[in-house]
Amino acid sequence: MKATLLHGPKDIRVGEVPDPALRESTDAIVRVTHACICGSDLWPYRGVGLGSEDGSAAEPQRIGHEFLGVVEETGSDVNSLQRGEVVVSPFTFSDGNCEFCDDGLHTSCVNGGMWGSDGVDGGQGEAVRVPRAEGTLVRLPGGADEALSASLLTLSDVFSTGHHAAVSASVRQGSTVVVVGDGAVGLSGVLASARLGAGRIVIMGRHTPRTDLAKRFGATDVVPERGAEGIERVRELTGGHGAPHVLECVGTDDSLATAVGVVRDGGSIGRVGAPTYANIPQSAEAFFRNVTISGGVAPARNYIPELLPDVLEGRVQPGLVFDKTVGLDDVAEGYRAMHEREALKVLVRP
Ligand SMILES: [Zn+2]
């Protein structure tokens, strides 16, 4: 079958790999119908963490962790999934019954792991062997409605991650929220905050098409300024003391420093931007102002059942974050477009 392979910095191609086959009785094989490119896929694409000095991969790496597809084959211990059913996968796999899964922290599953490494397929290919299939996959009742599939795919990662940011920042009915970052995760954080009933949502971002979508998702104010100027502007908008709930959706030193700058004393920051910083900036300031810095990698599997009905019934349309679609053979063009910020988020159709 064909799958996306990362050969080195900005050298991504579709190549032939062995067809996936059941290895464990708890596996399933899923034929991928919809996949996508994540902002976090751009780090290895740019050569970060590829493991050799010149940035080339030791051997071509499988990539992709967001996918939706059709169950093709199931292992002998998989009883709750049938061939032909449409499923969405979260961006990590998990057994659904260890002490962490029981606590809703499926990303810490003792039998779980990541797609695309250690002999596990990546999501940007024609098919995937899914370990711990019963714990991992979520069946989509009614199959794959094409109009809904982009939104259903966002449950895999981006919308669930935005929701995790909002939950981690304790967003609730009537909350005043600031979202730092206008990428697909930040926009999902706006939508998730609106869904939870936030009264006022300020997005910090300066790419007009993106902040326009943020408004459509429920943002009430846009602050294009950055750094000290941006912090001052947000404080003006929020009564001088900042907002009690802040979603940090970028993952850089600057964005987290901005989050600390705009949060109200005693407030909470939900950080979901994959950290590129070694240490939390402004930690002493956060301490003396009793700011809670929460969040982390989103346990998407825990949130999908809660978010799914609103997607199925059209109350939220998180799939609007996709602004470009490529076939699997053109996946390199999708990476280029996201890397150059020409596209917000790219859908891949094997
Ligand atoms: Zn588990």
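## Zinc site

In sequence, the residues that donate to the zinc ion follow the spacing D-x2-C-x2-C-x7-C. This is a predicted model. The donors are Asp95 through OD, and Cys98, Cys101 and Cys109 through SG. Their distances to the zinc ion run from 2.1 to 2.3 Å.

The angles between the four donor atoms span 89 to 125 degrees, so the arrangement is tetrahedral. The cut-off for that label is that all angles lie between 85 and 135 degrees. For four tetrahedral donors the ideal angle is 109.5 degrees.

Buried here means under 20%.

## Second largest pocket

The second largest pocket holds about 300 Å³ of space. Its lining is made up of 20 residues. Closest to the pocket centre are Arg62, Asp118, Gly119, Val120 and Asp121.

What classes of residue make up the lining? Nine are nonpolar, seven are charged and four are polar.

## The annotated C-terminal domain

UniProt lists residues 184-309 as "domain: Alcohol dehydrogenase-like C-terminal", in an unreviewed entry. In the model, this span is 47% helix and 21% strand. The C-alpha atoms at the ends of residues 184-309 lie 21 Å apart.

Valine 223 sits in strand β13, which covers residues 221-223. Its relative accessibility is 0%, so valine 223 counts as buried. From valine 223 to glutamine 282 there are 59 residues in sequence. In space, their C-alpha atoms are 22 Å apart.

Threonine 252 occupies the loop between β14 (243-248) and α9 (253-262). With 28% relative accessibility, threonine 252 counts as partly exposed. Threonine 252 and glycine 273 are 21 residues apart along the chain. The separation of their C-alpha atoms is 7.6 Å.

## Two arginines with positive phi

Arginine 132 has a phi near 50 degrees, which is positive in a residue other than glycine. Where does arginine 132 lie? Its place is the loop between β9 (127-130) and α3 (133-136). Arginine 132 is partly exposed, because its relative accessible area is 31%.

Arginine 341 also has a positive phi, near 60 degrees. This residue, again, is not glycine. Arginine 341 lies in the loop that runs between α12 (331-339) and β18 (346-349). At 45% relative accessibility, arginine 341 counts as partly exposed.

## A buried loop residue

Leucine 328 lies in the loop between β17 (324-327) and α12. How accessible is leucine 328, and what class does that give? The value is 5%, so leucine 328 counts as buried.

Along the chain, leucine 328 and serine 80 are 248 residues apart. Their C-alpha atoms are separated by 30 Å.

Technical notes: Residues are numbered from 1 along each chain as its sequence is written. This is a predicted model: local features need pLDDT of at least 70, side-chain atom pairs count only at pLDDT 80 or more; totals for chains, interfaces and linings use all residues. Side-chain values use heavy atoms; hydrogens and water are left out. On a 1 Å grid over the protein atoms alone, a cavity is a set of points where a 1.4 Å probe fits but cannot get out, and a pocket is an open set with protein on both sides within 12 Å along at least five of seven lines; lining residues have an atom within 4 Å of a point. Grid points are joined across faces, edges and corners, and a volume is the space filled by probe spheres set on the points. Ala, Val, Leu, Ile, Met, Phe, Trp, Tyr, Cys and Pro count as nonpolar, Asp, Glu, Lys and Arg as charged, and the others, Gly among them, as polar. Donors are N, O and S atoms within 2.8 Å of the metal (3.2 Å for Na, K and Ca); water is not among the atoms, so sites may look incomplete. Four donors count as tetrahedral if all angles lie between 85 and 135 degrees; four count as square planar and six as octahedral if opposite donors are over 155 degrees apart and all others between 65 and 115; anything else is irregular. UniProt positions are given in the numbering used here, feature names are shortened, and annotations may be inferred rather than shown by experiment. Helices (H or I, at least four residues) and strands (E, at least two) are DSSP runs, numbered from the N terminus. Buried means under 20% relative accessible area, exposed over 50%, partly exposed in between (1.4 Å probe, protein chains only).
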